[in-house]
Amino acid sequence: MVSNIRSFGIKGIHGYEVSVECFLSNGLPGFDIVGLPDAAVKEARERVRAAIKNAGYKYPVSRITVNLAPADTKKAGTVYDLPVLLGILSAAGTIKPPSPDSGFFGELSLTGELRPVAGALPMAIAARRAGVRHLYVPADNAREAAYAGDLAVYAVQTVKQLLAHLSGEAPIQPQPCPDTFPAPETLLDFSDVKGQENVRRALEVAAAGGHNLLMSGPPGAGKSMLAKRLPGILPDMTREEMIETTEIHSVAGLTGRDAPVVSQRPFRAPHHTVSATAMSGGGSNPRPGEISLAHNGVLFLDEFPEFPKSVLEVLRQPLEDGQVTVSRVSGTVSFPSRFMLVAAMNPCKCGWYGHPSGRCTCTQSSVMKYRARISGPLMDRMDILLEVPSLDYEELRTRAPSEPSSAVKARVDKARAVQRARFAGTDVTCNAQMGPRQVREHCALDAAGEALMKKAFDRLGLSARSYDRILRVARTIADLAGSETIQAPHLAEAIQYRTFRFET
């Protein structure tokens, strides 16, 4: 007899349906799994055998063949344990076949308990799209899967509990569909920062338009402190952004019972020893890297020049395209990667070049060599280049409270609302994502602005990319000021953010 159980798998960050076909035949007892399974899938044989026996059911003494269709797609992970068990029992006639509108996934323990798996939300979304109405998942994955909506999600603790439900003896109540997302966590506040008004303003502009930013300054000037408070002024995530971000984090195994969904914009700060694969994503079964985990949020790279050149160059394509494509022998997958890049660096190896104390011990050639670690094409993709000076004693001893993040966020939210209305009906969500056509349409300059821009273009030796990025930043500054058009002061401020040179 052949049974067919509906299940799901992960490719990239998206789920897809997998048919688990089980066939019991005469012959020497054996258990074969086909359909391009990896080692974890093949090891389901032992987990399923033990779970069936420990659940109190008879394990069939037959030749068992399990096919995971589509058979030409590589299957990975432990998500197929539960459907394989149900398929064997159904094919053996031990239980009635589940209804065609039911789907199953989950890892089994040897005692028959269900353990959580990665990628619950993408698989639940795939189940909903495939017409599944009843989805059975491990209890720890139930809250996350319920966010797929329009789907009855059942939290299953053990095989015994599931079989009792399917037989009608002890029905399981479906997981309530959540109407709201968890409240964001309390974040670090800008009120803790003393001085650095120009840097705070630049961070506000960056947050309002989603612009990339590079800060340079001596140790202790507050670069990392300021960057870590950036999430507190970013606009709240929309439902679509939360779902998309959660899919990425779910595939990476970063969600769970206590954190079923990502409701706060990600802030990723990898160490400078990170590899290029860890940054971009990859592996034999490609998983998202840091630039995808920062999707819809911030990627903060402290000690920017200390990152290997291969890692920094990985950022170039995602910064332009908003996605990263990973090619392996098993196939090609694309991960979304629209993020704000915020980087911090010292002006030289020792960190004190140009400091009034004169304590820098670096030679001019070593300073140039240190700064040359950041390539020109990557530097050209930064919207705002900023010097962060060290604070003097009077600024440090002041007790006057600084402006809190809530006040800054209110202005950022207002500017983002203008941008959402401007780009309604497109896939653009903020000024930094504007394409050439939108730049021409929304960043037109008057005669005074054209004259100012021409002078800056010639004197600063700007590239075409830098030209467009200045216009995008100027558009954001105008939005913060509530202006429908870009005025000369808005453009002047945007140009000022490109005048600081990191070359010697």
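## Arg 469 in helix H20

Arg 469 sits in helix H20, which spans residues 464-480; helices (H or I, at least four residues) and strands (E, at least two) are DSSP runs, numbered from the N terminus. This is a predicted model, where local features need pLDDT of at least 70, side-chain atom pairs count only at pLDDT 80 or more, and totals for chains, interfaces and linings use all residues. Residues are numbered from 1 along each chain as its sequence is written, and side-chain values use heavy atoms, with hydrogens and water left out.

Is Arg 469 buried or exposed? Arg 469 is buried, at 6% relative accessible area (buried is under 20%, exposed over 50%, partly exposed in between, with a 1.4 Å probe and protein chains only). Beyond its neighbours within four places in sequence, Arg 469 touches Asn 212, Glu 320, Asp 380, Arg 381, Met 382 and Asp 383, contact being heavy atoms within 4.5 Å.

## The five-stranded sheet

Five strands make an open sheet in the order E11-E14-E17-E10-E18, paired in parallel; a pair needs at least two DSSP bridges. Strands E11 (267-268) and E18 (384-387) are at the edges with a single partner strand each, so one side of each has no neighbour in the sheet.

E11 joins E14 (residues 298-301) through two bridges, in the parallel sense, and Arg 268 is opposite Leu 299 of E14.

## Helix H4

Helix H4 (residues 120-129) is mostly covered, with eight of its 10 residues buried. Those buried residues pack against strands E1 (2-11), E2 (14-25) and E8 (134-138), plus helices H5 (139-146) and H9 (239-251). After H4 comes Gly 131, with a positive phi near 90 degrees.
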